[in-house]
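Here's a quick walk through one fold, written for someone who likes cut-offs spelled out. Have a look at the model first, then read on.

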Amino acid sequence: MNIIEKAFLKVIRNKVAKWFNLERSLTSLENVYTSTENSPERSWPNPDRIPSGEEVPFSLKNIPIVGNSLRSAIDDGVKAIKSIQENPKLGRLSIADHELKEFEALARLKGIGAIGYTKLPAHLIFKDRAVLYNTAIVLIMEMDSIAIKNAPSVDTFRMVMSTYDKLGKVTNLLTEKLRKMGYQAQAGHPLGGLVLYPPLAVKAGMGWFGRHGLLITPHFGPRQRIAAIFANIDNLPLSEANEHSWIGKFCDRCGKCIRECPSNAILELPIEHKSGRKTHIIRENCLPLFVKQQGCTICVKECSFTNNSYKDLYERFKAQNK
Ligand code: SF4
Ligand code: SF4
């Protein structure tokens with residue numbers, strides 16, 4: 001790396017670090033929800049690793065491919081935090097049916113594939129992060145199926161990063177919509193985020209975990225990115241049930257992602273933490289391939305739920321378990 005390249009990476013590092021420091025600053029506000037001793041550390045992306053050129057996606061060879069999406073995602077991540085100042089001082093607490101329908105219609109129009117509602121458990125808040133309200137509106141956005149089929153490729157990588165960017169923008173826009181309707185809300189950007197999204201989406205009844213640790217939904221299998229809005233609204237239709245737990249048993253017999261992972265990064269048996277949260281991937285195994293191939297995504301491409309419909313797999317599962 002020459003001196004100009006080093007200086008360039010330092011500029012990126014500083015931009016990301018500034019964003020994450022803003023996120024951390026929320027912990028000093030009054031009446032916010034913070035992590036517990038069982039909460040996860042947010043290990044990715046790590047600004048301090050950016051100057052080495054090894055932190056995906058913030059490396060020199062990736063900038064020509066995903067630089068625009070990244071710049072835009074960082075700006076929107078900063079906006080998500082700064083815009084909490086625009087919350088109404090005394091927000092409305094109750095949303096009418098027609099207002100919720102209007103909100104959901106706007107979300108769909110802007111590319112949101114599914115919406116779930118749930119209470120946020122504190123153990124899903126990352127260490128050193130905080131959120132203002134503990135009712136979560138979980139948003140998922142589809143990742144393009146053709147680009148996934150071409151994984152690993154530069155096109156897949158570009159699509160993944162642009163989905164992060166688009167979802168971040170829509171999350172900010174929907175948060176603004178809630179504020180205009182009179183509610184207090186905070187956007188959670190999909191890149192990194194303030195909370196661990198897959199278990200939050202499972203708690204919202206939207207899907208179940210695959211053995212690759214990703215959320216699997218009836219809509220898109222494992223092909224989605226997740227974000228959330230934290231809102232001070234007390235009558236959202238919170239999910240009380242999850243009908244997708246059969247996926248866990250299906251996965252027990254499948255194991256295709258484990259066999260297809262070129263880095264042996266997916267654990268046969270996930271590590272279970274005290275809070276019940278599970279770790280499915282050995283990050284140190286996954287990351288080098290990710291760096292080398294500008295994204296890997298083979299576990300998404302090869303997942304049985306990418307290559308078959310949810311309905312077909314459910315019928316097959318039922319037939320085998322009669
Ligand atoms: S992204 Fe690639 S290396 Fe990482 S877990 Fe998935 S298949 Fe394995
Ligand atoms: S490939 Fe198979 S085991 Fe892995 S997540 Fe998909 S369905 Fe589950």
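Which residue in β8 is the bridge partner of Met 141? That partner is Arg 225. Before going further, a note on ground rules: this is a predicted model, where local features need pLDDT of at least 70, side-chain atom pairs count only at pLDDT 80 or more, and totals for chains, interfaces and linings use all residues. Residues are numbered from 1 along each chain as its sequence is written, while chains are lettered from A and ligands numbered from 1 in the order in which they are written.

**The sheet**

Four strands make an open sheet in the order β2-β4-β8-β5, with antiparallel pairing. Out at the edges stand β2 and β5, each with a single partner strand, so one side of each has no neighbour in the sheet. From one strand to the next, the twist averages 25°. Strands here are DSSP E runs of at least two residues, helices are H or I runs of at least four, and both are numbered from the N terminus. Two strands pair if DSSP finds at least two bridges between them.

Here are the pairings, one per row:

| Strand pair | Sense | Bridges |
|---|---|---|
| β2 (residues 114-119) and β4 | antiparallel | six bridges |
| β4 and β8 (residues 224-231) | antiparallel | eight bridges |
| β5 and β8 | antiparallel | four bridges |

As for individual partners, Thr 118 is bridged to Ala 136 in β4, and Gly 188 sits opposite Ala 228 in β8. Strand β4 (residues 135-142) is mostly covered, with seven of its eight residues buried. "Buried" means 20 or more other C-beta atoms within 10 Å of a residue's own, "exposed" means 12 or fewer, and "partly exposed" is in between, with C-beta atoms placed from the backbone.

**The helices**

Helix α5 lies across β4, β5 and β8, running at about 20° to β8. It also packs with α3: α3 (residues 97-109) and α5 (residues 154-180) meet at an angle of about 160°, their axes 10 Å apart. Axes are lines fitted to C-alpha atoms (for helices, over the stretch in contact), and angles run from 0 to 180 degrees between N-to-C directions. The two helices are therefore roughly antiparallel to each other, a label that goes to angles over 145 degrees, with under 35 being roughly parallel, 65 to 115 roughly perpendicular and the rest oblique.

Who touches whom? Phe 103, Leu 106 and Ala 107 in α3 meet Leu 174, Lys 177 and Leu 178 in α5, contact being C-beta atoms, placed from the backbone, within 7 Å. By class, that contact has five nonpolar, no polar and one charged residues.

Most residues other than glycine have a negative phi, and most peptide bonds are trans. Two residues here have a positive phi: Asn 31, near 60°, and Thr 297, near 65°. Asn 31 lies in the loop between α1 (3-25) and β1 (33-34) and is exposed, with 7 other C-beta atoms within 10 Å. Thr 297, in the loop between α9 (283-292) and α10 (298-302), is buried, with 22 other C-beta atoms within 10 Å.

There's a cis peptide bond too, joining Ala 151 and Pro 152, with omega about -5°. Pro 152 falls in the loop between α4 (145-149) and α5.

Terms used. Contact = placed C-beta atoms within 7 Å. Nonpolar A, V, L, I, M, F, W, Y, C, P; charged D, E, K, R; others polar.
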